[in-house]
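Please read the following note alongside the sequence and the model. The points are numbered so that each can be taken up separately.

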Amino acid sequence: MKRATNRLCGWSAVLALTSVPLLSCSPAPRVRNVLIVSLDTVRADRLPAYGFRNIVTPALDRLAEEGTVFEAAFAAVPLTLPSHATLFTGLNPPRTGVRDNAGAPLDDRIETLAEIMKAQGVRTGAFVAASVLGRGRGVAQGFDTYSTGPAQSCRDTPQVRRSADAVVDDALEWLARDQDKPFFAWVHLYDAHRPYRLPGEYGRAYADPYVAAIAFEDSQIDRIMDHLRKTRVLDDTLVVVVGDHGESLGDHGEDSHGIFIYQETLRVPLILRGRNIPAGRIASTVRMADVMPTILDTFGWSATGFDGVSMLPLLRGDREDAPREVYAESLYPERFGWASLRSLRADRYKVIDAPRPELYDLESDAVEARNLFETQRTRGAAMLERLQILAGDKAPAASHPVDPALAARLAALGYVSRTADDTRAPAAPALDPKDVIGVFNQFTKASVDVADARLSPCVEPRLEAPPDIHEAQRRHDR
């Protein structure tokens, strides 16, 4: 059941819309609106705000200068749907039940940020760029408007993805309506996800299409910020820019994302701008699950019962008693018949539960190049024991049946959505993904090639599937 909580305390801007009396609580904040921009597949170290110099992102740079940059923000899973489920519930995947893009959707009994906002008379709108976040996947709960764009021209097939300019056009049209009411808007940008489809000028300006895609997204973020300034609501708006997960770009041998849970796919950009948000940088570790409690705390609402905790104490300069534990997982390998991965970061150390466990000292080895598990078995074993507690439910991601239409749309984005065929899957014990990442790279490349060549402009459920993963594995083994 949804949590029965009283979250009215402290939002004076909304009280005029309700008959609920102001309860005794923290001082009323002055922020009125919330805008979340989620950057799909954007790793933090490809932005100037995080030290990258080979790109121009004036909109994000200005947000970073006027707000707070969290230097060590981490996702809980390197996949779009489960990461957004965590963003909008404050719960990690074991509690949301959303373990990969094709598995179970977010249960409608779990309360979302949009539902809380809507219950207080706030108009809520979501503008989504990819079908992996389609209406039936659970994250639409609480949104008055949930736009994935118009249907394609052939047979009214839903769009697989749309570009940042189309998403922002949609969002700006919505923002221009009912300007007297407070709003909660979510804008999802997907251009940094392969296959890349960019306006020509960005392809000419940048040799790296991944970097070009981020620059293009920045230009569209600038359109949103310009609108908020011109309509004089920016200073009344809490702006949250957050990546849902990163991209390996060849690090640790993975070309894209979804399998490994190293820093390159988990460390994401996180920038907050708004009233009472100081300009500066915070080095303390924070998590995707901390975003929702922080927003609720900003409005003086209850921010308890989550896996995440509010970041407002950090923004005030308070010291935490202990570093936040960072839980992460990828159950996506199970769709190939391989072992799932889970990790725990506690202070400077990070352990990864795999057939060959891994332990890293992130203070001296930020790129996770030296596995210390064999030489520090006592520490590693203790962290694995704690990880098992956090992991909780171990329901396999591949156990949920997948709708054929969803499977086809996910295939267009390069994702496997079928449960591995037990008659062809590798025999137990499950393979360590480190040993077969080359197979995953081959499969993903082939899937992207299929998407580029055959899945435009429409996708249909009976579309031929991408190359078979088990055949690719047999070729790899030979």
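1. Helices and strands here are DSSP runs (H or I over at least four residues for helices, E over at least two for strands), numbered from the N terminus.

2. On provenance, this is a predicted model, in which local features need pLDDT of at least 70 and side-chain atom pairs count only at pLDDT 80 or more, while totals for chains, interfaces and linings use all residues. Residues are numbered from 1 along each chain as its sequence is written, and side-chain values use heavy atoms, with hydrogens and water left out.

3. Helix H12 (residues 377-391) has 15 residues and reaches 20 Å from its first C-alpha to its last, close to the 21 Å expected at 1.5 Å a residue, where the expected span is 1.5 Å times one less than the number of residues. Gly380, Met383, Leu384, Leu387 and Ala391 are buried in H12 (under 20% relative accessible area, with exposed meaning over 50% and partly exposed in between, for a 1.4 Å probe and protein chains only). Seen down the axis of H12, these buried residues fall within an arc of 110°, so they line one face of the helix; the arc is that of the directions from the helix axis to the C-beta atoms. Thr378, Glu385 and Ile389, on the other side of H12, are exposed.

4. The buried residues of H12 pack against several elements, among them helix H4 (93-96) and strand S10 (326-330), contact being heavy atoms within 4.5 Å.

5. In the largest nonpolar core, which has 100 residues, Ile36, Phe184, Trp186, Leu270 and Ile295 touch the most other members. Helix H8 (residues 209-230) gives the most to this core, with eleven residues. A nonpolar core is a set of buried Ala, Val, Leu, Ile, Met, Phe, Trp, Tyr and Cys residues joined through side-chain atoms within 4.5 Å. A second, separate core of 24 residues includes Phe74, Phe260, Trp338 and Phe443.

6. A search of the whole structure finds 18 aromatic pairs (ring centres within 6.5 Å, using the six-membered ring of Trp; planes under 30 degrees apart are stacked, over 60 edge-to-face, the rest tilted). Phe143 and Trp186 form a tilted pair, 5.9 Å centre to centre with 35° between the planes. Phe143 is buried, with a relative accessible area of 7%, and Trp186 is buried at 0%.
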